[in-house]
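Please look over the sequence and the model that follow before reading on.

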Amino acid sequence: MMLTFVILGLLLSGSLAWYSDDKPFFGVRFQAKWVALVAVIIFSLIFVFSVYLSPLNFQTLQTIAHVSWINSLNINYTLALDHLSITLIMLTLFLALICILVSWDEIQEKSGFYYFNLLATFAGIIGVFSAVDMFLFFFFWEVMLLPMTALIAIWGHEKRYFAAIKFFIFTQVSSLLMLVAIIAMAYIHQQQVGDLSFSYQDWLSLELNNELALYLMLGFFIAFAVKLPSVPFHSWLPDAHTQAPTAGSVLLAGVLLKTGAYGLIRFVIQLFPQASENFAPIAVTLGVVSILYGAKMAFAQTDFKRLVAYSSISHMGFVMLALFSFNEIAYQGVIVTIVAHGLSSAALFSLAGMIYQRIHSRNLTDMGGFWQSAPRMGGFGLAFAAAAFGLPGLANFVGEFLSLVGAYQVFPVMVILAAFGLIGSAIYGMVLFQKTFQGSSLKTVPDLSCRELIVSSSLLMLLVILGLYPNLLLQYFRGVIL
Amino acid sequence: MTDIPLAHVLILSSLLFTIGFVGVVVRKNTLFMLMSLEVMLNAVGVAFIGAGSVWQEADGQIMFMLILTLAAAEVAVGLALLIRMQRRYRTLDIDVLSKMKG
Amino acid sequence: MSLFASIEGLFYLAALIAVIASLKVVTGKNTVHALLYLVISLLAVAVCFYLMGAPFAAGLEVIVYAGAILVLFVFAVMMFGLGVDETMHAPQSKGLSLWFGPMLLAALLLIELVFVIDNSELKLQLSNKMVDAKQVGILLYGPYLLAVEIASFLLLAGLVAGYHYAKPEHQGRRL
Amino acid sequence: MNLLASLPLYPLLSFLVLISFGKRLSWAVASWLSVGAMGLSALCSMLLVAQLSTSEVNVITSHLWQWFSVGSAKVNVSFYLDALSAVMILVVTGVGFLIHLFAAIYMKSDENFTRFMAYMNLFIVAMLVLVLADNLVLLYLGWEGVGLCSFLLIGFWYQEKNNVLAARKAFIVTRIGDTAMAIGLFLLFKSLSSLNIVEINQLAQTSETFSLSIANNEASDAYWAALLLLGGAVGKSAQLPLQTWLPDAMAGPTPVSALIHAATMVTAGVYLIARMNGVFIMAPEVMTYVAWLGAITLLLAGVAALAQTDIKRVLAYSTMSQIGYMMLALGAGAWSAGVFHLMTHAFFKALLFLTAGAVILALHHQQNLFKMGGLLKKLPFESALFFIGLACLVALPGTSGFFSKEAIIASLWLSPTAGASLWWCAILGALLTSIYSCRLFFLAFLGEQRFPKDLVISDHLETNHLLRGALVVLALLSLFGGLFTIDLSTVLPLSNESELSPGWLHAVAIITPFIGIAFSWFYFKRYRSRDIISLNESQSSWLVFCRNGLGFDVIYRFLLVKPYCFITQLNRRDLFDQLIMLSAWYVEIWRDVLSASQNGRLRWFAGTFGLSLVGLILVVIL
C-alpha cells in the first residue's frame, strides 16, 4: 500500500500547497514551495525505505496493491513494481526535488496552483510507472497529461498556448489509439478466456494471430513513440520544451519522455514479442533517423531550450534503436540511457532556466562569454554539454556505448549510421557550450547561487557516479532477456 | 375539361417563385424583401392549388390556407421587426444587420 | 378573341399579368407603387385560382392577402414615411453588377425547374370541376384539425410577437 | 592503492582542488600544487619503470573496479603497464612535468592561471588513463578526455573568436576519427567478444574467423577493424585526411602546443596503432595504408611548413610530418622504431615549442617569422636551445632524432608492407625537414632584426632559473635521448632485419639532411643576410596555397561544412513539423472559409440557400 500512499500523498500535499499558499497559520506565513519540497522529500524517503525494506524480489513484477474498482468490467486498481519501475520512480522523485528547486524563485504568480499541478503530474507519472491494470494505466496517463498542459499553458513563455495545445493534441490523439488497442485487448481476452480483463499479467498469456497483433502493437507503439518522441512524431517536443517553464522542461525531458520508453519496454515488446520483432527493422530505422535528424536539427537552433529539446530527440533515438535490437547488452544500455538522459537533459534545462533568469532570453545570440563572470556556471555548463555529447566518464556515454554495442550485434549497418550521431552531438554540444560561455563577454551575469549550486552539483554528481560506476544501476538488470 | 396542363401551372409557379427569390436576394430594402417573400409564398400556393385541382381534392386548398396563415404570421412579425429596425438604425437596409457573423 | 374568351385564354392572361406585376414588385423603386403592383399580382393569382377550380382559395386570396396583409404593409409604409428612397443610408449600387449573380442563380433555378417539369412527362390536365368551400370545410375540420390548431397557435404567436416588437422601445426593457 | 593506480591520482586531486577553489588560490599555491602533483606523478612513473625493468614479470597491472560489463566481457577500470605504456608514461609525466614547470612561469600573469593549470592537470590524467588502459573502452575514455582538454586549452583565451573556432574545429574533426574508432570497437567486440586489449591482440591471432574474408571479394573483420581504428588514430594524430585541425590548434597558449599538440596527445594515434598491433598484423593491407598515409602526410606537411610565416605553425606542420614518420614506421612493421621516434620527438618538439614560446614572450607576442630576425645576438640562450631542437628535428648525426629517424628509414626498404617507394618518400621528407628547419632558423635567429629597434626584450629565461632548468633538461634529453635503449620486444613484434638492405641506403639517409642544409644555405641567402632590413612575405599564389594547408580546409569547407550548414539552415523550421502543421493549417483554412460564410448578411444566406437548392436539384436530375 505504500505506493498508493505516495501517489495519494503527493496529490493531497499538492492540494494542501494550493490551499495553504500565502495563508497565515499560527502566525507563520506558509509558502507553497515549502509544502511541496517537504512533501516530496518525505514521500521520497518513504518510497526508498519501503522498497529497500521490502522482502519481495523485484526481479519480476510484484503486485503490491490490488483493489477491485469497477466490478462490472473487471477493472481493478492494481499496482506492481519491478526494478524497471522502481528505477524510473526513483528518477521521478529525484527530479521532483530538482523541479521544485529550479522553480523556487522563478514562479511568483499563482504559485499554489503551480505546485499543485507539479505534484499532480508527479503523482500521475508514478502511477503510470506502477499501474498494471491497463485501464488504471490509461487513467494515470491522462492524469499526468492534464496538469502538465496546465503548467505549460499558465506559466510558460510567450507562445505558451500554442505549445500547450500542440502538446495536448499530440498526446491525446496518440493515446486514443492506445485506448482503442486496450479495449480491443480486453475483448480479445473475453473471447479467449471468457471474461473481460484489463490486467497486464492476464494479457501476457493471450495468443494473438500475427496480423491482429501487429495492429494492436501499432496502437501502443504510436502512443509511446509520440511520447518518446521519435521522428516523425516529435514536433510537439521542441515547442513544448521551449515554452514550458524551467521545471516544466525538466519534467518533460527528465521523466515524461521516459514514460514513452517505459511503455515500449513494458507493453509493446512484452505483450507483442513476435509482432515487435517483425516490426523491429522499421522501429530501428526510426530510431536511427531520430538520432541523426535530432542532432542535425539541434545544430540549426538558436534557442537554447530548443536546441536541448532536439538533442533529447536524438538521445531517445538511441533508446528506440537499442530496444528493438532485442539484445541484453542493448537493453542495459537503454536503462542507463533513460536515467542518464533524464539527468543530463534536466541539468541542461535547469541551466537554461538559470540563464533565462539572468538575461531574460533564451536566444544563443544574446549569450556569450559568460565564463568570464560566472565561471562556476560555465564549468557546469561544460560538464552538462559534455554529458549530452556522450563524454566517457559521464553516464550518457555508458548508455550510448552499451546501446550501440548491443545493437551492433543485430543491426551493424544501422549502428554505423547511428554512430554519425556522435559527430552530430559533438557539433551541437560544442555550439551550445561555446555560444553561451565562450566568445567575447556581452554581459556580466552573477554566478550560481547556493540553491543553483545544489541543483547543478547533485545532478553532476549522479552523472559522474553513474558514468564511472554504472553497476549501481545495472546490477538489477542482469540477465534480462527480452 | 379545360386544356390547361398541370405543367403550365407548375411553370407559372416556378416563374413566380424565381422572381420572388431574385427579389429576396437582390433587394436591400427589408420591406421589399418581405414583399418578395409574399410573392414566393404565393407561388407555392399556385402549385398546391393546381395539384388539388388535378385530382379534385380539397387538400390543395387546405395547404394553401395553411400557407396563408403562415404568410399572415410572418408579415405580422416581420413588419413589427421592421418597425423596430427603423427605430433603432434609422434604416431599412438589411445589410446593416450583420452582427451575427461567425 | 376566342383565345381570351376561353378559360385557358383567361388563365394565361392572368398568369402573364401576375408575372409582370411580380417583376414590377421586385424591381420597383417606389414602395407604394410596388405595393400596388403586389396587389395586382395577388389579384391575378386569385383569378388563376378561380379558373383552376378553387373559388374558395381565390376568395381567401383576395380577402386575406390583398385585403388584410397588404393593408398591413401599407400601414407600415405609412409609419415609415417611405417615398422613392429604397434605403436611407446604404449607397445604392446601380447597374447590372448587383443583379447579375442573383439573376444567374435564379435563371439556373428556373431552367432546372422547367427541365424537371418538362421531363417528368406530366400528362395530367386540370379538371374544370370546382372544389367548393364545403369540401374544404369538411376536410379542414376533419383530418386537418390538428393543423388548424397549430396554425391558430402560429397566428397567436405572430400576434404576440408583432405586438412585442412593435411596442415603443422605452416602454419595456431593451431586447 | 598501489603505485600504478596512484599515477593519475595526483594530477586528478590537484585538478579537483584547483577547479573548485579557482581564483581564490594564489599563484604560488596553485603552481606548487599542480607542478608538485606532476612531479610526484613523474617520480612514480620512474619508480614503476624501474620496477618493471628489474622485475621478472613484464607487466604490472592494477585493477580498481569493474566499470560495467558488456555481455560476458567485463570492462574494468584497470591499469596495465608494459614496456610500451612505460615509454608513454615516462614521456607523458616526464615531459609533462617539465612543461608544467615552464607553464607555471609562462602563464604567471594570466588572470585565469589556476584554470589553466587545472586543465593541464586534467589533461595529464586523461592521457595517463589513455596510455594505461587495459581495455579499449577505458582507452576511449582517456582518448575523449584528452580531446576535451585539448578543446579547452586551445580555446583557453576564449574571448577571441578565432580561438573558439579553432577549438571547435579541433574537437569536431577529432571526433570524426573517434566515431570511426568507436565503430571499430563495436566490430571488434562483435567478432572477438572482448574489449580487453591484451585479449584482443591474442584473439586476433588465434581466432579463425577474424582475419578470414567471408566471401572472396569481401574484406575480413580484421581489415575493417584495423581500418576503423586507423580512422581514430588519424583524427587524433592529425594525419591525412583529418589533419586540418592541428595548425589552427596553435591558437592555444604555447605550453599547450608543446604538451598536447606536439609531445603527447597527437602521438596517441601512434600509440593506439602500436597497442593494437595484433589486429593490424592481421590486416597487412591496412598496414600499407598506414604507411602510405604517413608518407603522404609527411610530404604534404613538409611542403606546407615551407610556406608558413607563423613560428608556431611551422612547428605544427613539422609535428604533423614527424608523426607521419611514426605512422610510416608502424605501417612498415617497424613498431619499436615508431615508438622510439615518438619518444625522441616528444623531447625535441617540446623543446622547440617551449623555446619558441620563450621567444614569443620575449618579443611581446610576436609570432610572425618575418618580424623577427637577428635574435641570435639578443637571445643567445634561446637560440642555442632552438638550434639543438632543430638539429634533432633534421636528424643531424648524434642527436636523438638521428637514431630514431634512421631506424625508421632503415626498416622501410625491405618491409613487406612498405617498400622502396616509401623509402624514397621518407628521404624526400627528411630533405624537406631540413629545408624548412633551416628557413625557420635563418628567419628567426639570423639576419637583421626586423622588429622595432626600441622593443624592450623581456627575457624570462635569463632571469628565471627554473624555467631555464626545465629547458636545459629537455635539451639534454633531446641530445642524448637517443642513447636510451628501449626494449619493446616483449610487447611489440620484432621488425624485420635491416642488415639485408643495400649499404648505400644508410649513406643516403645520413647525407640527406646535409644536402638540405646546403641547399637552404644558398637558397635562403636573403633570410640570413644582415643587410636586408625588412622582408616581405611572398604573396605568390602557390605559396599562399601552401601556407593555407594545401587547400584541404577549403575542400572540406565546401564538401562538408557548407553543405551541412546549408541543410540544417534549409530545414531549420523542421520539415516534419511543417508537415504535421499542415493538418492544423488545413483545419484553419476550413475554419476561415466557414466563418467567412457566416458573414451575418441575410441576403447572402438567402443566396447560398438558393445556390444549394440549385445544386440539390442538379444532383437529383443527374
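Of the four pairs of chains in contact, which share the most contacts? Chains B and C do, where two residues are in contact if their C-beta atoms, placed from the backbone, lie within 7 Å. This is a predicted model, in which local features need pLDDT of at least 70 and side-chain atom pairs count only at pLDDT 80 or more, while totals for chains, interfaces and linings use all residues. Residues are numbered from 1 along each chain as its sequence is written, and chains are lettered from A and ligands numbered from 1 in the order in which they are written.

**Between the chains**

- Chain A has no contact with chain B, and the closest C-alpha atoms of these two chains lie 22 Å apart.
- Chain A likewise has no contact with chain C, their closest C-alpha atoms being 36 Å apart.

- Chain D has 28 helices and two strands, where helices (H or I, at least four residues) and strands (E, at least two) are DSSP runs, numbered from the N terminus.
- Along the principal axes, the C-alpha atoms of chain D fill a box of roughly 110 × 70 × 55 Å.
- Of the 622 residues in chain D, 56% are buried; a residue is buried if 20 or more other C-beta atoms lie within 10 Å of its own, exposed if 12 or fewer, and partly exposed in between, with C-beta atoms placed from the backbone.
- The largest nonpolar core has 434 residues, and Leu328(D) and Ala350(D) have the most contacts inside it; such a core is a set of buried Ala, Val, Leu, Ile, Met, Phe, Trp, Tyr and Cys residues joined through C-beta atoms within 7 Å.
- Helix 4 (residues 83-106) of chain D gives the largest share of this core, 19 residues.
- Leaving aside neighbours within four places in sequence, the residues in contact with Ala350(D) include Val95(D), Ile99(D) and Leu474(D).

**Helix 1 of chain A**

- Helix 1 (residues 2-20) of chain A has 19 residues and should span 27 Å at 1.5 Å a residue, which agrees with the 25 Å between its end C-alpha atoms; the expected span is 1.5 Å times one less than the number of residues.
- Among the buried residues of this helix are Leu3(A), Leu10(A) and Trp18(A).
- The buried residues of helix 1 of chain A pack against helix 2, strand 3, strand 4 and helix 4 of chain A.

**Strands 3 and 4 of chain A**

- Strand 3 and strand 4 of chain A pair in the antiparallel sense over seven bridges, where pairing requires that DSSP finds at least two bridges between two strands.
- His66(A) stands opposite Thr78(A), and Gln62(A) stands opposite Leu81(A).
- Four residues lie between the strands of this hairpin, in which Asn74(A) takes a positive phi near 60°.
- Strand 4 of chain A is largely enclosed by the rest of the structure, because six of its seven residues are buried.
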